[in-house]
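Let's take a friendly walk through this model, starting with a pair of helices and moving on to aromatic rings.

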Amino acid sequence: MSKIIHDLTYLRYNSTNNKEGILMVRVEFLGPIQKEALELNINNLNELATVLQEDTELTQWLNNCAVAVNDTLVSSLEAPLKDGDKISLLPPVCGG
Amino acid sequence: MEIKSHYFLLFAEADAVLNLYDGALDVPIILKDWYEEEATSNYGAYIPFVGTVRSEDGIDGLSFDIYEPILESWFKAWQEKAKSKGAVIKMAHSRGNVMLHESSYIASVFSPKRRVALEFIEEFVEDFKASAPIWKYDLKDGKRIYALERSTALAGSGILSGAK
């Protein structure tokens, strides 16, 4: 199930997709999350949550990660996404 | 914007600076540079906080990852807050490995009178620990181990976990 959703959602970001009106966003995993960035065809953060919850690599991170869209932290999943948005997952921090 | 060979100046506005260095901070040089930058600015108080890596739990040192875009916007917001009180904040932090008894973090506040600087340094450092997008790792037995138990989840964390 996980693989099917991933395969359906995971598309390469290219100009052909843009011309057809398909919305593509880039998802980056910061700090200690050892995972390559994804490029996904999703319309909002609720859809992102659905995709990432199917990813067993992220099971330990979703409970404690904050989310930024274009480098601004967000507190709701409702904000719409637009083509080319950058989404970042930020795990717990400890500077100093 | 100024770039020197040994560090990258991430943010500079008026007298504010946010410097990121690869490896340990050169504490005497940084404190001296900041002092000299403001020596004739008519600030009555200069209060630095220097964070040093301590020997505990058998670590050999610490290591840091930084996400610079959000660190920069976080620092800029603090700089505006300081500016409204007539103060200036300067901050330096390490990227990568910092070994025992070396420094990874310096924050300083300059203000006309001591009370503002004393209050700001405490507020700033506390918010830094809770909000700055920096990740810490223990260096131990040749491994780099994420310090999850000493880390703080950012505001809004967990929103991706419950949606269906």
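In this predicted model, helix α2 (residues 68-84) of chain B packs against helix α3 (residues 114-131) of chain B at an angle of about 165°, and their axes are 12 Å apart. That makes α2(B) roughly antiparallel to α3(B) (the term covers angles over 145 degrees). The crossing of α2(B) and α3(B) is right-handed. On the α2(B) side, the contact (heavy atoms within 4.5 Å) is made by Trp74(B), Phe75(B), Trp78(B), Lys81(B) and Ala82(B); α3(B) brings Phe120(B), Glu123(B), Phe124(B), Asp127(B), Phe128(B) and Ser131(B).

Several of these names return in one aromatic cluster, formed by Phe49(B), Trp74(B), Phe75(B), Trp78(B), Tyr105(B), Phe120(B), Phe124(B) and Phe128(B).

Now for the rings over all chains: the whole structure holds 12 aromatic pairs. Rings of Phe, Tyr and Trp (its six-membered ring) pair if their centres lie within 6.5 Å; planes under 30 degrees apart are stacked, over 60 edge-to-face and the rest tilted. One pair, Trp61(A) with Tyr146(B), is tilted, at 5.8 Å centre to centre and 45° between the planes. This pair crosses between chains, from the loop between α3 (45-53) and β3 (66-69) of chain A to strand β9 (residues 143-146) of chain B. Both Trp61(A) and Tyr146(B) are buried (under 20% relative accessible area, with exposed over 50% and partly exposed in between; 1.4 Å probe, protein chains only).

Residues are numbered from 1 along each chain as its sequence is written, and chains are lettered from A and ligands numbered from 1 in the order in which they are written. Local features need pLDDT of at least 70, side-chain atom pairs count only at pLDDT 80 or more, and totals for chains, interfaces and linings use all residues, while side-chain values use heavy atoms, with hydrogens and water left out.

Notes. Axes are lines fitted to C-alpha atoms, for helices over the stretch in contact, and angles run from 0 to 180 degrees between N-to-C directions. Helices (H or I, at least four residues) and strands (E, at least two) are DSSP runs, numbered from the N terminus. Angles under 35 degrees count as roughly parallel, over 145 as roughly antiparallel, 65 to 115 as roughly perpendicular and the rest as oblique. A crossing is left-handed if the near helix is turned anticlockwise from the far one by less than a right angle, and right-handed if clockwise.
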